[in-house]
Each structure stands twice: as structure tokens, then as C-alpha cells.
Amino acid sequence: MKKNMFKNGIFTIAIASAMSFTACTGDLDVTPIDPNLDTPENVLTSTETYNQLLAKCYSALSVSSPDGDSGDPDIKSIDGGFGQYLRALVNLQELPTDEVVMNWNDQTIKDLHGLCWSTNDVFVTAAYARMFYQISLCNEVIRRIDAAGNANDATMQQYRAEACALRGLSYYHVIDLFGNVPFVDETSVVGGANPERIARADLFDWMVTDLESAAEVLPANPEKYRAGKGLAYMLLAKLYLNAKVYTGTAQYDKCAEYCKKVIDLGYTLEAASDYYKMFCADNDQMLGVGHELIFSVYQDHLNTKAYGGTTYIINAACGGQADYAADFGLGGSGWAGFRLTPEFVNKFSDNDQRAVFYEVKAGGGKAILDLGEFEQGGYSFLKFTNLKADGTILEDANSFTDTDFPVFRLGDVYLMLAECQVVGGVSVNVNGHDGLWYLNQIRNRAGLNSLASATANDIIDERARELAWECHRRSDLVRFNLLTSDTYIWAYKGMNSNIGTAHAVDAHFNLYPIPSSDIMSNSNLEQNAGY
């Protein structure tokens, strides 16, 4: 079994007992993690206890509750299942795109793929609340480290930098999904006035400065699952990749600069034979310097039980003809939810090793004729599984998974360098190679021929094939002006039922709305245009 570095300290400190989140999450009632434990003032007496305090910032990416899958969620009024951080992210980053069609009827879930959500959408609100909860957790860790007066303690300053990087991860999701948002950092008064609204471009500038400072302190080769320079550099690269969307001005040259910094840390592209080891139950083997995975969220079928993360992805992909044990490594039947649009499947050639699909109904084909019936037809994906790297199933497998979620990996860096050159016009030269060389490394690994030249369409399609279901697709489609436009139409785009024809939608759906609950409770905020 994988070693969980936080296993003994993950729920030790009652960090939330000294915090108030109402200023960032509207009228949501956020409860303490464990009101029966001592307050931080009484227990923060050593460097190790600050490490345990920081552990909550990591564990909150994996679970919704300190009490396991059946415990009370950290945020009241938000379902502990679909409100889990990674599940909320998958819903908002994947369901509106060509990569996933959901057949469930859970509340407004089909509105996500239909690109027709409202300001009261429960899934949008869940993601917003969870991300700001995470930001507040990180703020509290930074605030308490600063108050401890350990500016010259290298270990404490590393913990502070880790909290900054994790906060940066959530602010990256917030700036990408919601745009102009309430702003809180370690200087914000807990329980004070409602936070001010920060413009998207100003948040971008603040994030760049904060992440650059954190990167100077973070280790180049961190302990598994912890933030290091690689996470900070990746966040900076992603910010600059999307700079035109966030600020109005493209900065592909800066994106290439930070991609080089990641490569120079010593991460290595996995061989073709090891590709799927990055998406299986013991994919921690592929994590860290010398491997491809740069930062992953820990998943464990015993210690991080939650109905989100890869448990959600893998179970939702499993149904129909699939064998839940042999194909997916699950100890129970799947949830039959995710299918792929025909347009997405058609991006793969037969010799592409990433084309690991299964027909949900024998002879049903790629077409999805009924959005509400999983077994009616269409393909699903076998990319993520709970099988071990050798293809065997865990002896005590259940419906919860051990497959860590790969937040960032080197394959994305290679594709960003290609985009910097092809789309951004940057003269890429990283260790003697141009952007096209890096693109072809990804293609060759997948069994595809090298390209002599590339177009913007080649880049966006290669990103779809390589990074599918890794929570990049919506952002990529927005950056290429494809999410809402009529330039690219896929099955059920702009629809929330079988009625009608897939179509372009209004451009305001390139951003999610600020939940109406937060707009009503904080007069400093303004709703995003179009809502």
C-alpha cells in the first residue's frame, strides 16, 4: 500500500475552530473540522504541530469531511459527495466540454454539458464554496506561521511556502472559472468586513508575485505529495498560458520561461510502456523528480474515502459492458455516468495508444442517441483505472480508489511549449529543442508520426488526446475560443435534453457566475456579465 505521509496527522488540528468563512461563501454555514478538539492556540507548540496544521490543506483536496465518506462535510449545505474538491473541479472543467456527457439526473447536472447553468446552480455553488474554503484554510496556516515569529526558521518558512502554493492552486481554479472574485489573503481580518472584489487582471498580478516568492523557498525535489518548486512553476506557466483570457494580453514568452524551469528541475517524460502507469492504483511510482507527475492529490481506498476524486472518475466511467473488476479494478459495480461524445472519439486514430475506449452496449456504436440512458449507446473511457500497474486488482479493493489524481505532469509542459511556438509565436529553444520537437515527443510516445509543421488546431487536438479527463479541457477550449462559439459543435452542446440540436451558446458561458448567495450577502461583489 502507498505510504500516506499525513496518515497520522491529517485530522489532528481543529484549524477551522478559529476561522470564519461566511465572508467568502455567502450564506453557507461552515462548521469547524472538529469542535471537540483543542483550539490551535493550545496545541501549536512545535514545528511538527504546524506540519499537522498544514496537512489539512492537503487533505481537503482529497476528502470533504474529517470523518470519512459518511462524516459531516466541512461545509454545511454543500453535499459531501458532489462538493468534494476534485469532483467539483471535474464537473466544471469536463462536463461542459466534448470530453464527457453525463446521463444522470442529479439536480442540474445536465445543465453543465448543456452550457445553460444559472446563478443558483448547485454544482457551480459547490465548486465555488469548496475552493474558497480551501483558500481560507491556507490563509489561516500562513497567518499562524507569521504570528509565531519564525521568520528565520527554514522549516517553518517552507511550510508557509507550501500553504502559499496550495492557495495558489485554488486561486488558479477560481480565476479560471469565476474571473472577478472576492479576495482574501493572510492579512484579511477573520470575521471582519466582507472581502472586496478583485478584478481578474489584478488577481493575476497578485498570484504571480505570491507564487514567485513561494517558489524561492520551496524545495526542488519535495517529499511525495507535497508542494515543491515544480507546483509553483506549473501554476505560473498555466497563468501565463492563459494570460490573454485573464488579462487581455498574451504572455506566451513567460509561459515558455516557466516551462523551461519545470524541465530543468529534472522531471522526465515516461516511456510509452509506462504511460498508463500514471493513471492506475499505484501511480505514485510516477510521481516526483525523475518521473512525469509533478503534483498529485493523494487517494487511498482506506484513508481517503470520499465520493469524489478518482473514485468519482473511475466509477462514473464504469458501466454497461465493462467488467468492474477486470477492466477498472473496482471491488463493486460502477456508477454508469460518463460517456464520450463521438466528436472526441473521432480525434483518435486507430494506432493511438491513448484510444482506450469501450462500447457501453454491444453494437451500440459511438453515437449517443439518448442522453439519459447509459447503456443505450456511446463509448466510455478506460484511461483511469483502479488496477495496479501490473494489471492486477488490489486484494481488498472496494468502490473507493487508490489512483492519485495527477494535477500537473510534464506532458502538459511539452504541449505548452508547442503552443507557445505555434500559437504564441515564441521562438522556443529549451535545451536545444523547439516547440515542435516537444509536440512530437508526445505524439511519438502515443504511437503517432511526427509532424513537420503544426497548426493551432493540431495543438488543441493533441491537448485533448493527451490530457483528457485531467481537468484542462474547458480552459483550453475557452483559450482557443471554441467552448461557446459555432466554430466547433459537439453532441448535446448547448442542450440539456434530447430535444433540439446542438448549437453555439452565448459567450458569457465562458465564465461561471458568482453564486447568487454570495452576491446577495456581499455588496462589494458584482455578477459576471450576462448573468
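A crossing of two helices is left-handed if the near helix is turned anticlockwise from the far one by less than a right angle, and right-handed if clockwise. The structure is a predicted model, in which local features need pLDDT of at least 70 and side-chain atom pairs count only at pLDDT 80 or more, while totals for chains, interfaces and linings use all residues. Residues are numbered from 1 along each chain as its sequence is written, and side-chain values use heavy atoms, with hydrogens and water left out.

**Exercise 1. Describe how helices H6 and H8 pack, and which residues meet.**

Step 1. Helices here are DSSP runs (H or I, at least four residues) numbered from the N terminus, and H6 covers residues 154-177 while H8 covers residues 229-241.

Step 2. The axes, which are lines fitted to C-alpha atoms over the stretch in contact, with angles that run from 0 to 180 degrees between N-to-C directions, lie 10 Å apart at an angle of about 20 degrees.

Step 3. Because angles under 35 degrees count as roughly parallel, H6 and H8 are roughly parallel to each other, and their crossing is left-handed.

Step 4. With contact taken as heavy atoms within 4.5 Å, Ala165, Leu166, Gly168, Leu169, Tyr172 and Ile175 in H6 meet Leu231, Leu235, Lys238 and Leu239 in H8.

**Exercise 2. Determine whether Arg463 is buried or exposed, and what surrounds it.**

Step 1. Arg463 belongs to helix H15, residues 456-467.

Step 2. Its relative accessible area is 1%, and since buried means under 20% and exposed over 50%, with partly exposed in between (1.4 Å probe, protein chains only), Arg463 is buried.

Step 3. Not counting residues up to four places away in sequence, Arg463 touches Lys238, Asp412, Leu415, Met416, Glu419, Ala468, His472, Asp476 and Arg479.

Step 4. Asp412 is 51 residues from Arg463 along the chain, yet their C-alpha atoms are separated by 7.8 Å.

**Exercise 3. Locate Asn315 and find which backbone oxygen its side chain reaches.**

Step 1. Asn315 sits in helix H11, residues 309-317, where it is buried, with a relative accessible area of 0%.

Step 2. The side chain of Asn315 reaches the backbone oxygen of Thr311 at 2.8 Å.

Step 3. Leaving aside neighbours within four places in sequence, Asn315 is in contact with Thr310, Leu330, Ser333, Gly334, Trp335, Ala336 and Ser399.

Terms used
Helices (H or I, at least four residues) and strands (E, at least two) are DSSP runs, numbered from the N terminus. A polar contact is a pair of N or O atoms within 3.5 Å; within protein, one must be able to donate a hydrogen and the other to accept it, and residues adjacent in sequence count only if both atoms are side-chain atoms. Angles under 35 degrees count as roughly parallel, over 145 as roughly antiparallel, 65 to 115 as roughly perpendicular and the rest as oblique.
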